[in-house]
Amino acid sequence: MITIPRKALLAVLATVLATGAACASEEAATKLELSAALPDKVPSGTTLRIGDPQIQAILGASGLDKELSDAGVTTEWANISGGPQSIQAFRADKLDCSSVADIPSLFAAWTGTSTKIVFQAVTLDPLDHPIYKLGVAPGVNVASLADLRGKRIAYSAGQAQGALVLRVLQKAGLSQKDVQLIELTSTGDSYVTALGTKAVDVAPIGAQNIKLYEAKYPGATSINTGIRDDASTLYCLTAAVEDADKAAALRAYVAVRTKALLWANDHPDEFAKAYYQDSQKLNEADAKAVVEINGDKGIPASWDNAIKRLQETADLLATEQKHDKLDVTTLVDRRFEKVQADAAGDRVVTGDAS
């Protein structure tokens, strides 16, 4: 047995404690308060883990990926978008940020995952370019929202489609008791299949898939919701935004992401090829049709209207799904509001579209 002299042992312990204190100090120094200004210099080696497939394709096609790398940002791309996948990845600490609608940020808060919205985009002429329409099963008579009474409607509580269903019922003057909500997560073509096989009477499906759905199932129809559903955000783990290095990288990413969306507006054919053809494997005609159906995206000069709409949705879901009341201003990081507005310049959107 080897005996270490007491003085030597104390010296070793002092070194260990000093090293630990130094490390703790370094970690504390990298933490950024949410009220602090965003750093504008990205430290070498900073990596963002991002689920943003559409922007990933646009950056490559536009050459804006070079601007991102020149800013010192390294990206680890994840083929993830949407609420359930992103929240699961957040909880496993496998992801920093993800592109989603507005609903996932609410459910992240309600299920104990702290996130912040760092990007807001809208659709120009949103009612003319809805994200969703209501698909109607073959042989089912639904010509207006009033006809939803008594129907079986596909419903996913934690997704944008679920919130849309509740908003549609509200607009139609109906309650959940007036219809039969069928719990069904929207993944892949699950809603289209459920409609085609008449497992449900009605389901919200992507407007871009309506023609394919109606062609595949004779007698299938669809109606418009008449509801604005164009919320488009990038949300991140609060821990990522509080990391000074990642916050600096996010500042650069938000600016480049803004330019990417505007580039896609200006280059619809190139966008269609880069994402819908090369990534999603649509043919050329269908890819161009989807871009046209989805419409151009806008960068709001102010997030006020988007936050107001999010609060209205949160209040509705709290009532209809028995969640706690939520102040949505705690879910947005408005430091990034000016970053994207500055990047858009005179192309920011104001008025009704914002």
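What follows is a walk through one protein chain, from its overall make-up to a few of its parts.

The model is predicted, and local features need pLDDT of at least 70, side-chain atom pairs count only at pLDDT 80 or more, and totals for chains, interfaces and linings use all residues. Residues are numbered from 1 along each chain as its sequence is written, and side-chain values use heavy atoms, with hydrogens and water left out.

The protein chain has 14 helices and 12 strands. Helices (H or I, at least four residues) and strands (E, at least two) are DSSP runs, numbered from the N terminus. The C-alpha trace spans about 90 × 45 × 40 Å along its principal axes. The chain has 354 residues, of which 48% count as buried. Buried means under 20% relative accessible area, exposed over 50%, and partly exposed in between, with a 1.4 Å probe and protein chains only. Contact means heavy atoms within 4.5 Å. Of the contacts between residues at least 6 apart in sequence, 80% join residues at least 24 apart.

The accessible surface comes to about 17000 Å², and 52% of this belongs to carbon and sulfur atoms. Such areas come from the Shrake-Rupley method with a 1.4 Å probe; for residues, only the protein chains shown count as cover. The chain carries 36 positive and 44 negative side chains, and the centres of these two sets lie 4 Å apart. Lys and Arg count as positive and Asp and Glu as negative, while His and the chain ends are not counted. The place of a charge is NZ of Lys, CZ of Arg, CG of Asp or CD of Glu.

Strand 1 (residues 47–51) is a place to start on the details, with four of its five residues buried. Two strands pair if DSSP finds at least two bridges between them. Strand 1 runs parallel to strand 2 (residues 74–77), and four bridges join them. In this pairing, Arg-49 has Glu-76 as its bridge partner. Strand 1 also pairs with strand 3 (residues 97–100), again in the parallel sense, over two bridges. Here Ile-50 stands opposite Cys-97.

Cys-97 leads on to another feature. A disulfide is a pair of cysteine sulfur atoms within 2.5 Å, and the whole structure has one. It is formed by Cys-97 and Cys-236, with their sulfur atoms 2.2 Å apart. Because Cys-97 lies in strand 3 and Cys-236 in strand 10 (residues 232–237), the pair ties together parts that are 139 residues apart in sequence. The link is right-handed, with 105 degrees about the S-S bond. Cys-97 is buried, at a relative accessible area of 0%, and Cys-236 is buried at 0% as well.

In strand 8 (residues 202–206) lies Ile-205, which is buried with a relative accessible area of 4%. Leaving aside neighbours within four places in sequence, the residues in contact with Ile-205 include Ile-131, Tyr-132, Tyr-191, Val-192 and Tyr-213.

Towards the end of the chain comes helix 14 (residues 335–344). Seven of its 10 residues are buried, so helix 14 is largely enclosed by the rest of the structure. Among the buried residues are Phe-336, Val-339 and Ala-344. Their cover includes helix 10 (244–266), strand 4 (115–123) and strand 12 (348–349). Just after helix 14, Gly-345 takes a positive phi of about 60 degrees.
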